[in-house]
Amino acid sequence: MENFEDGAREHLLSVNVNENDGFNGSESKIQVKNLTRCLDKGASILKNVSLEIPRGKIMGIIGPSGGGKSTLLRALNRLWEPPSGTVFLDGKDITGVDVLELRRKVGMLFQLPVLFEELKPFSKTGTVADNIRYGPLLKGKKISDEQVYKLLTFADLDSSFFNKHGNELSVGQAQRVALARTLANEPEVLLLDEPTSALDPISTQNIEDVLVKLKSKGMTIVMVSHSIKQIKRIADVVCLLVGGEIVEVLSSEKLSEAKHPMARRFLDLSS
Ligand SMILES: Nc1ncnc2c1ncn2[C@@H]1O[C@H](COP(=O)(O)OP(=O)(O)O)[C@@H](O)[C@H]1O
Ligand SMILES: [Mg+2]
């Protein structure tokens, strides 16, 4: 690790904030325009949602369950395919981008981490290091041991995790491995769907610290959370989604000034 050059070491974790592909300096990394999702029965999960997700900031998404938060998040990396002309990354319609390329740029973490060993119980592979190497390998790129160690350190895991298997990890540790695995793809945007709701307070704090570090490197982060306290701790701006509609977008210091009656009720009950 000593021989490893600092520049190369940093490379995996830096976000090229100037890489706008001709998109002329908008403050928004992602734009959502009039996004609607209807079920066959006619009910809508998302109703004409428009949202500007600021570049290099942490946006929190909160609201009662069933309100469409996960659906909105999943539209941003096409886990649910939005209609064309509704979601733009750096000004480009995401439905026109290669889906695997998009998912590398727009990484995602879920409530419960799934490490690959659990998907392939009979495989001899599936160590933490294998998990972290997986994304780049799909692109034909082998990342060095040093880079794996660097990602582990960044995700607040020491080098002893390198050869561990998923079944030797706590949920909090596995979530940090999942985070390191996502970061190995050098994403520009990180989507998080209640990433700490299964974690203890210390693991939660570890993850929050990493998110704040990533923001300082220019990453754009969108996090669904049911914890108002967490949103106040780390989000810059908060979007309140109720019944498939965005009812307010506020800076996190001004969250208590939300006016929509359902948003007020939700905030009062959760604080
Ligand atoms: N694929 C689907 N088919 C049918 N209903 C769905 C589907 N996905 C989500 N829903 C429904 O859409 C609503 C919003 O879901 P979701 O986006 O998961 O909300 P949240 O994450 O805010 O709890 C819920 O009523 C849910 O049951
Ligand atoms: Mg959800």
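A residue counts as buried if 20 or more other C-beta atoms lie within 10 Å of its own. I keep that cut-off at hand for these entries.

**Entry 1: the whole chain**

I am working with a predicted model. I looked up the overall make-up. The protein has 10 helices and 10 strands. It holds 271 residues, and 40% of them are buried.

**Entry 2: K29**

I picked K29, which lies in strand β1, residues 28-38. Is K29 buried or exposed? I found 27 other C-beta atoms within 10 Å, so K29 is buried. Next I looked for its partners, leaving aside neighbours within four places in sequence. K29 is in contact with I53, P54, R55, D90, V189 and T220. I checked P54 on its own. K29 and P54 stand 25 residues apart in sequence, yet their C-alpha atoms are 5.6 Å apart in space.

D90 sits in the loop between β4 (87-89) and β5 (92-93). Its phi is positive, about 50°, although D90 is not a glycine.

E194 also has a positive phi without being a glycine; the value is near 45°. Where is E194 found? It lies in the loop between β7 (189-193) and α8 (201-216). I counted 21 other C-beta atoms within 10 Å of E194, so this residue is buried.

In α6 itself, residues 145-154, I noted the buried residues: Q147, V148, Y149, K150, L151 and L152.

**Entry 3: α5 against α7**

I moved on to helix packing. Helix α5 covers residues 128-138 and helix α7 covers residues 171-183. They pack at an angle of about 30°, and their axes are 7 Å apart. Angles under 35 degrees count as roughly parallel, so α5 is roughly parallel to α7. The crossing of α5 past α7 is right-handed.

Which residues meet here? From α5 I listed V128, N131, I132, Y134 and G135. From α7 come V177, A180 and R181. By class, this contact has 5 nonpolar, 2 polar and 1 charged residues.

An α-helix has 3.6 residues a turn, so residues three or four places apart point the same way.

**Entry 4: α7 against α8**

α7 also packs with α8, at an angle of about 15° and with the axes 9 Å apart. That makes α7 roughly parallel to α8. Here too I noted a right-handed crossing, α7 past α8. On the α7 side the contact is made by G172, Q175, R176 and L179. On the α8 side I found S203, N206, I207 and V210. The contact of α7 with α8 divides into 3 nonpolar, 4 polar and 1 charged residues.

**Entry 5: around ligand 1**

Last, I looked up the shell of ligand 1. What surrounds ligand 1? I listed L39, I45, S65, G66, G67, G68, K69, S70 and T71. By class, the shell has 2 nonpolar, 6 polar and 1 charged residues. Helix α2, residues 69-76, gives the largest share of this shell, 3 residues.

How values were computed. Residues are numbered from 1 along each chain as its sequence is written. Chains are lettered from A and ligands numbered from 1 in the order in which they are written. This is a predicted model: local features need pLDDT of at least 70, side-chain atom pairs count only at pLDDT 80 or more; totals for chains, interfaces and linings use all residues. Axes are lines fitted to C-alpha atoms, for helices over the stretch in contact, and angles run from 0 to 180 degrees between N-to-C directions. Helices (H or I, at least four residues) and strands (E, at least two) are DSSP runs, numbered from the N terminus. Angles under 35 degrees count as roughly parallel, over 145 as roughly antiparallel, 65 to 115 as roughly perpendicular and the rest as oblique. A crossing is left-handed if the near helix is turned anticlockwise from the far one by less than a right angle, and right-handed if clockwise. Two residues are in contact if their C-beta atoms, placed from the backbone, lie within 7 Å. Ala, Val, Leu, Ile, Met, Phe, Trp, Tyr, Cys and Pro count as nonpolar, Asp, Glu, Lys and Arg as charged, and the others, Gly among them, as polar. A residue is near a molecule or strand if its C-beta atom, placed from the backbone, lies within 6 Å of it. A residue is buried if 20 or more other C-beta atoms lie within 10 Å of its own, exposed if 12 or fewer, and partly exposed in between; C-beta atoms are placed from the backbone.
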